[in-house]
Amino acid sequence: MYCQMLERAVSKLKGEEVAPDLRTTLSLGFDVRIPQDYIPSENLRLRTYKRISSIASEEDKLDVRKELEDRFGTPPSSVENLLEYAALKSMCERLRISAVERQGTRIAVRFHPETLLDPAKLVSVVRSRTGIKLDPSGVLWMEVKRGESIPAALRNVLLGLQGQG
């Protein structure tokens, strides 16, 4: 943390643009833990959590999943959820989304005040699916259809906001 603060201060002194240090809060209501019967060693579980928290892309997620499967067998659903959670969190942080909250069948995507989104991409995302709208306070609300995977629906919206959807 000290090193990060130092790097930010040096960048600021050099006149470089410093992105806000943002940690996205993701609340999707899933079990996102590594069960003790999957990885019995507490120390190894903690190192695995740390490894999963470093996931920055879909490729990283697949690499970590393969590594877990090779070492411990097929991951249980809670570990699959944790891997997906880490990948979605990384996407949200790159888009400067401060929070994603699930409220029943609705998901609220709250943007950081300094989020710079291309309005055309945002309009495209809103038009791309039914049940999605941007409220006056700047919160993007999306309705998840019955039987639809919540992480997949969120991923598609985030990809659209990045211009990849």
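Three residues of helix α3 are buried: Lys61, Val64 and Leu68. They cover an arc of only 70° around the axis, so they sit on the same side of α3. An α-helix has 3.6 residues a turn, so residues three or four places apart point the same way. The other side of α3 carries exposed residues, namely Glu59, Lys66 and Asp70. What lies over the buried face? The cover includes α2 (42–53), α4 and α6 (150–162).

Among the elements of the protein chain, α3 has the highest mean pLDDT, at 95. The lowest, 67, belongs to helix α1 (residues 2–13). Where pLDDT is low, the predicted coordinates should not be read in detail. Over the protein chain, the mean pLDDT is 87, and 90% of residues reach 70 or more.

After α3 comes Gly73, with a positive phi near 95°.

Now the charges. How many salt bridges does a search of the whole structure find? The count is 13. Asp70 pairs with Lys66, and their closest N and O atoms are 3.5 Å apart. Asp70 and Lys66 are four residues apart in α3 (residues 58–72), so about one helical turn separates them. Both Asp70 and Lys66 are exposed.

Is Glu93 buried, exposed or partly exposed? Glu93 has a relative accessible area of 22%, so it counts as partly exposed.

Another bridge joins Arg110 and Glu101, at 3.3 Å from N to O. Arg110 is partly exposed, with a relative accessible area of 26%. Glu101 is partly exposed as well, at 25% relative accessibility.

Charged side chains also link up beyond pairs. Glu58, Lys61, Glu84 and Arg155 form a network of salt bridges. Lys61 is one of the buried residues of α3.

The largest nonpolar core has 23 residues. Which of them touch the most other members? They are Ile97, Val100, Leu140, Leu158 and Leu161. Two or more residues each come from α4, β2 (97–103), β3 (106–111), α5 (119–128), β5 (139–143) and α6. The most come from α6, which gives six residues.

Leu140 shows how such a residue is surrounded. Leaving aside residues up to four places away in sequence, Leu140 touches Ile107, Ala108, Val109, Phe111, Leu122, Val126, Ile132, Lys133, Leu134, Val157 and Leu161. Another core, of 13 residues, lies apart from the largest one. Its members include Ile34, Tyr38, Val64 and Val79.

Across the helix, Lys66 and Asp70 are exposed and bridge to one another.

Methods
Residues numbered from 1 in each chain as written. Predicted model: local features only at pLDDT ≥ 70, side-chain atom pairs only at ≥ 80, totals over all residues. Heavy atoms only, no water. Salt bridge = Lys/Arg side-chain N within 4 Å of Asp/Glu carboxyl O. Buried < 20%, exposed > 50% of the residue type's maximum accessible area, 1.4 Å probe, protein only. Arc of directions from axis to C-beta. Contact = heavy atoms within 4.5 Å. pLDDT = per-residue confidence, 0-100. Core = buried A, V, L, I, M, F, W, Y, C linked by side-chain atoms within 4.5 Å.
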